[in-house]
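Keep the picture beside you as you read.

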Amino acid sequence: MIAFVSGPVAALAPDAAVVEVGGIGMAVQCAPNTLSTLRVGQQTKLATSLVVREDSLTLYGFADDDERQTFELLQTASGVGPRLAQAMLAVHSPDALRRAVATGDEKALTAVPGIGKKGAQKLLLEYKDRLGEPLGTGGPAIGKAVTAGWHDQLHAALIGLGYATREADEAVAVVTPQAEAMESPQVGQLLKAALQTLNRTR
C-alpha cells in the first residue's frame, strides 16, 4: 500500500493533482478542499489510499490520515465506492460525518450528490458502529482559507462532482455575496453552501 506521497506539485486538475515523487509523476485523485490548498511548484505531502480494480489502479489523496481512514471506512457500506466516499468528504469533514451519523442527521448525508433520503437512512444504520464518535475538533466547515481564485476552484469542484456547467455557474453566482463578505473565502464552506442551493433547485 502507498501510505503517502511527498514532493512538489507538478500539475493540478479539477479532480486530481500530479505530485512528483523520485522523478515520477503520481496522479492523485483529490477532493476539492484538498486541491484548494495545493499550488503548482510547492512541496506537499498527501495521505493516500490505493484502490485496486481489475482494469485500474487509482490513488486517492487526502489532507491527513483522518480523512484517509474515514474514506476507507465509508467504503465498507454496501453501495459506496471510492467516488461516492470522496464526494462525501468533499461536502463534510470526517468529524462532521461522524457527528451526522451519531445524531442521525439525514439532511447532512442527502447534501452529498448521489445520496437520496432512503440511501441516507440506510447509510446511517450501516455507519452507526463504524465511524466512531465525533472528536469535537471543529464545526462542519472544512478547507483552509483561500483568498484568491475561489470562484474557479468552486466551479471546478462542482463540475468534478457531476453538475452541469449551467448549474455550477448558477450556484457560484448565488454564493458570491457570501464569499465577498468573508475576509478569507473558504472553498469548503462555499462548496457546502453551493450544494445546498443546488439541492433546493432539483
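This is a predicted model: local features need pLDDT of at least 70, side-chain atom pairs count only at pLDDT 80 or more; totals for chains, interfaces and linings use all residues.

If you want a spot to look at, find Ala13, which stands opposite Ala16 in strand 2.

In general, strands of a sheet pair through backbone hydrogen bonds, and they can do this in a parallel or an antiparallel way. Keep that in mind as we move along. Strand 2 also pairs with strand 3, again in the antiparallel sense, here over six bridges. Within this pair, Val18 has Ala27 in strand 3 as its bridge partner. The hairpin of strand 2 and strand 3 has two residues between the strands, and Gly22 there takes a positive phi near 60°.

In which sense do strand 3 and strand 5 pair, parallel or antiparallel? They pair in the parallel sense, over three bridges.

Now step back to see the whole set. Five strands close into a barrel in the order 1-2-3-5-4, with mixed pairing. From one strand to the next, the twist averages 55°. Helix 2 (residues 65–74) packs on the sheet, where it touches strand 4 and strand 5, and its direction makes about 15° with that of strand 4. Helix 3 (residues 82–91) packs on the sheet too, touching strand 3, strand 4 and strand 5; its direction makes about 10° with that of strand 5.

Leu50, Val52 and Leu57 make a nonpolar patch of about 280 Å². Leu50 has its place in strand 4 (residues 43–53), and Leu50 is partly exposed, with a relative accessible area of 33%.

Conventions
Residues are numbered from 1 along each chain as its sequence is written. Side-chain values use heavy atoms; hydrogens and water are left out. Patches are made of residues with over 30% relative accessible area and no salt bridge: like charges are joined within 9 Å, nonpolar side chains (Val, Leu, Ile, Met, Phe, Trp, Tyr) within 5 Å. Accessible areas come from the Shrake-Rupley method with a 1.4 Å probe; for residues, only the protein chains shown count as cover. A salt bridge is a side-chain nitrogen of Lys or Arg within 4 Å of a carboxyl oxygen of Asp or Glu. Helices (H or I, at least four residues) and strands (E, at least two) are DSSP runs, numbered from the N terminus. Buried means under 20% relative accessible area, exposed over 50%, partly exposed in between (1.4 Å probe, protein chains only). Two strands pair if DSSP finds at least two bridges between them. Axes are lines fitted to C-alpha atoms, for helices over the stretch in contact, and angles run from 0 to 180 degrees between N-to-C directions. Contact means heavy atoms within 4.5 Å.
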